[in-house]
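The sequence and coordinates are shown first.

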Amino acid sequence: MTNSQMLYLLVALAPLLGAIIAGLFGRQIGRAMAHRVTIALMLVSAVGSVVVLMDVLNGHTYNGSVYTWLTAGNTRFEIGFLIDQLSATMMVVVTFVSLMVHIYTIGYMHDDPGYQRFFSYISLFTFSMLMLVMSNNFLQLFFGWEAVGLVSYLLIGFWYTRPTAIYANLKAFLVNRVGDFGFLLGIALVLAHFGSLDYASVFGLAPKFAAENVELWRGVPWSLLTVICLLLFVGAMGKSAQVPLHVWLPDSMEGPTPISALIHAATMVTAGIFMVARMSPLYELSPTALSVVLVIGAITALSMGLVAIVQNDIKRVVAYSTLSQLGYMTVALGASAYAAGIFHLVTHAFFKAVLFLGAGSVIIAMHHEQDLRKMGGLKKYMPITYLTVLLAALASAGVPGFSGFFSKDAIIEATKLSSAPGAGFAYFCVVACVFVTAFYTFRLVFLAFHGKRRMDHHTQEHLHESPAVVTVPLVALAIPAVLVGWWIGSVVFGGYFGASIKVSEVMREFAGEFHGPLAMVLHSVQTLPFWLSLAGIAAAWFLYLKRPDLPAVLREKFAFVYCILDRKYGFDELYSWLFAGGARSIGSGLWRGGDVAAIDGVMVNGSAKFVGALSAWVRKLQSGFIYHYAFLMIIGVVVLLSAFLAWRHL
Amino acid sequence: MSILSLNVWVPVIAGLIVLATGGDRNASRARALALLGAIAALLVSVPLYTQFDRAASGMQFVERVPWISTFNIYYYLGVDGISVLFILLNNFMTLLVVIAAWIVIEKKVAQYMAAFLIMAGLVNGAFAALDAILFYVFFESMLIPMYLIIGIWGGPKRVYAAVKFFLYTLLGSLLMLAALIYLYFQADKSFDILQFHQLALPLDAQIWLFFGFLLAFAVKVPMWPVHTWLPDAHTEAPTGGSVILAAITLKIGGYGFLRFTLPIAPDASHHLAGFMIALSLIAVIYIGLVALVQTDMKRLIAYSSISHMGFVTLGTFIFNAHGMQGAIVQMLSHGFVSGALFLCVGVLYDRMHSRNIADYGGVVNTMPIFAAFFMLFAMANSGLPGTSGFVGEFLVVLGSMQVNFWVAVLAATTLIFGAAYTLWMYKRVIFGAVANTHVAALKDLDRREFVVLAVLAAAVLWMGLYPKPVTDILNTSVSDLLQHVTQTKLGLAAR
């Protein structure tokens, strides 16, 4: 084994080791030791990832197998690594955010009885996510895919005595399973036609299959690659919470806040985005699939952004904002601007982690009060939290110069250039959503940190800045949240991703218009998104600081719209009635009508009863009286004779 | 005695010795002897794994001695890659069942332990038999210990369940006997199963044979709609009975298709594949939905068993390597997983004397270690990658996709239904606040229970993370069987 292979294994397995130690021996080693061990191993993994990224940027990529999982027929299923620019970038983002969240957890989960279990879970999550991004084949991708789903399930239900938490985690797992259902079928279709699950061989063969059709219904040919891409995208819709499979993400906020930051904002939910970018050689061959991706992303971005406006729970605002931002990334994929999508994934990972961890810091200070209406004026008490959240909010709102601006602007521009069907609609959505994003983000900032203090007296007396284990990760994440955007030149337009992502026509055209990040900032003042984002911030300022009486008036005036948004378009009600209720009624019907009544009642017990009744009747014939038998014999002879004669003469 | 004979007779003789200890005054001696017997049985099956030639076609460890020469019946044993794994699984599960029953069974201990040991020997015999009559004898005689296990140590409705179990399976296998006798005459008065495989048979004869075998094996598997004995048998059986029933005896049905139906009637099997696939898919979906609404934990797991066994018959009748390997792996995995789930319910039942989901809630608060194990097995039952439950389902879905897109779509719905019924039950039993004083008084696993579940957990994870050692044993036999099944017998008949 070469040194670099050892390093890859080390990066992936160090978190697993941490998870095993903290999980199985947590009680023995105690709380402090549990976090020391997991954080030390996480640090190893993070440093290793940075080394790997450096190595990759120096041109040293890797694609190889670790072991053979099984062989069936002529297929070998392997576990292996593909280390290129895309996976190495993801590795650094995942391990860095994870490390910060590990440290932050020391403060946030300080008094929790499940302390060691929590560290075990987040380390296990990091391992699963690394396996997902480092995979060189569809099988291992699916392993990681489902494993992160499992850990998400465990973490949403971390406080397992809360009814809402254990409802949310079951819902999250099942909705994700709906996505995985499509994903698995996509993988099976790949194997059935390509005969391999290895990325390199599948991507190599893909152009040959570009014109291949399959008939799902007799006489209706579908492009094979379109079917594959759409099925895989169903998986991405589950994991990356795209409409209509988004319903699990807001509820996942029942989990502890560090998890919301790590899993439900920065990393796991981006798995779908990563997957589509990884599959770009396939998606590029299916314009239909790309259009679907584009439109779904656009719908998600705008519709979920609007919902964020009416949320009062600080975590839910950020959760809906995550949904909306994931929509942006999906739009980028649909517009064939994969690099821009991944770039937004990276900037979003940082600024959203800050927003979540900042929200967590506020929640600690507020004694686990999450209602924005009961906050206000926290700026004075929590300067570090305020400053970092403000920077992240500026990034999120897409104010020029901050990271979110670069990545979001790149997506908007790419959508404008895209000629895919649905691009016009998508362009409208992403531009309109700039205003919405700025508005809800600054609504949160103003409601929480500015204005009058609305909390009760007791809480107010105990307000204070969070300890260093909380603020240091905030600062450490805020720095890249501000600065990472300036790398846009090389990451999105340069050759950063090398051969790991397909460069589309749109991106080539786009790159021609790019003249450096500074020019991009200066140019932006002439564009609509810039003014929309300023307008969003100004509107939030006007409504929540200048005239705080207005929102209530507006709510009254637009009661209908408000109601739709407040009910989140009714997805939850519809699903719980149609799917949960429907499955139970059908199951009940099949059980009582099929198993109990028809099969057991009629066939099984029915035949037993029939035999019983028959023998009861037959028994009557055996009366024991000779004359009964003699009479029956005579009747028998008469019947036989008549039948015989009748048959002869007719 | 040769290895296979040892595998058949060591458990049977051990069972008889245990039985000889008599009443419950000698219970501890009976337990110790049973443990020794089960360990001995597992030890004699080790050479089957280590000395098995993975590259060789055909039967290995063959023994052949005349038994009833008048009818040309032989005591004829041998295993290939398919059957050898089931013998290993059987001995493994029997040992666990003996340990699991250690203090739980208090009445008629010797008889209970003896029933399981004798059962194990008979099952090994069925998996190893290469003479049709020998197979039939083992196949039928294993009903007796199971009938007694359910009827004596079972729950309140045990008599109904035991009789239903017995009649269902006995009726099913009668037609098989007729089929075997027909084959005997076709094969020049021989009961050699391998000779049956080579027989040239016209299509209509094959179809008759197919249905003759179908009823016997479909009841065992069980396939929809002849499955209703299973939920009753499982709910009423004692824990060990449920474990062996689910882990081992159902597998004889799946094995029967591979050993008899497919190779003897390949053309009929192809001809009726659509029918079999339809029944399998009904099992996966219909039973999955029925499992969702069960209120009794054991009944729920029983329905889940039927649904998972649907994958076995589906994988068998799509005639490709992925499907068939998936079917066999699914059977082995289901042995571990359903066995483990029944043991988990047994752990709860021993403490609370209720199988009702509604009587539980918040068990994790008082039994965290148990909850962790139960979580692992629940996830394995939902087919989570990394557990054994995933491997078989994954391979069968891959295989189905090569045959028909919509078959794969319907099969893959198990991803949703399987997770729904398993995790919803888990949520109601394990999660939440402590539901009542009984739950509050629960004690976590003792060392014996811990060992049993830990061993199974290791098996489930090992088979999920590195199934290659298992599939390597299967590969040659599966490809030989597929090769055999693709060759029509009709041309031979005409010649």
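Apart from neighbours within four places in sequence, B:Ser173 is in contact with B:Tyr136, B:Phe139, B:Glu140 and B:Ala216. The model is a predicted one, and every value in this report is computed from it.

B:Ser173 belongs to helix α7 of chain B, which spans residues 158–186. Its relative accessible area is 0%, and B:Ser173 therefore counts as buried, the limit being under 20%. The side chains of B:Ser173 and B:Glu140 are joined by a polar contact of 2.5 Å.

B:Tyr136, B:Phe139 and B:Glu140 are themselves among the buried residues of α5(B). Helix α5 of chain B, residues 132–141, is mostly covered, with nine of its 10 residues buried. The buried set also includes B:Ala132, B:Ile133, B:Leu134 and B:Phe135, as well as B:Phe138 and B:Ser141. The N-terminal end of α5(B) is capped by B:Asp131, which places a side-chain oxygen 3.0 Å from the backbone nitrogen of B:Ile133.

### The interface between the chains

The size of an interface is often expressed as the accessible area lost when the parts come together. Between chain B and chain A, about 5,000 Å² is buried, and carbon and sulfur atoms give 76% of this area. On the side of chain B, the residues that lose the most area to chain A are B:Phe394, B:Met401 and B:Leu415, which together account for 11% of what that side buries. The contact involves 63 residues from chain B and 53 residues from chain A.

How many salt bridges cross the interface of chain B and chain A? The rule finds one. A:Asp600 forms a salt bridge with B:Lys164, with the closest N and O atoms 2.7 Å apart. The side of chain B that touches chain A comprises 42 nonpolar, 15 polar and six charged residues. Across this interface of chain B and chain A, 18 residue pairs are in polar contact, both residues of each pair being at pLDDT 80 or more.

### Accessibility of selected residues

| Residue | Relative accessible area | Class |
|---|---|---|
| A:Leu189 | 4% | buried |
| B:Ser173 | 0% | buried |
| B:Cys344 | 0% | buried |
| A:Cys563 | 38% | partly exposed |

A search of the whole structure finds zero disulfides over all chains.

### Overall form of chain A

Chain A contains 28 helices and four strands. Along the principal axes, its C-alpha atoms fill a box of roughly 115 × 65 × 60 Å. Chain A has 650 residues, of which 60% count as buried. Among contacts in chain A between residues at least 6 apart in sequence, 79% join residues at least 24 apart.

Notes: Residues numbered from 1 in each chain as written. Chains lettered and ligands numbered in written order. Predicted model: local features only at pLDDT ≥ 70, side-chain atom pairs only at ≥ 80, totals over all residues. Heavy atoms only, no water. Contact = heavy atoms within 4.5 Å. Buried area = accessible area lost by both parts, 1.4 Å probe. Salt bridge = Lys/Arg side-chain N within 4 Å of Asp/Glu carboxyl O. Polar contact = N/O pair within 3.5 Å; in protein donor to acceptor, adjacent residues only side chain to side chain. Nonpolar A, V, L, I, M, F, W, Y, C, P; charged D, E, K, R; others polar. Disulfide = S-S within 2.5 Å. Buried < 20%, exposed > 50% of the residue type's maximum accessible area, 1.4 Å probe, protein only. Helix = DSSP H or I, 4+ residues; strand = E, 2+ residues; numbered from the N terminus.
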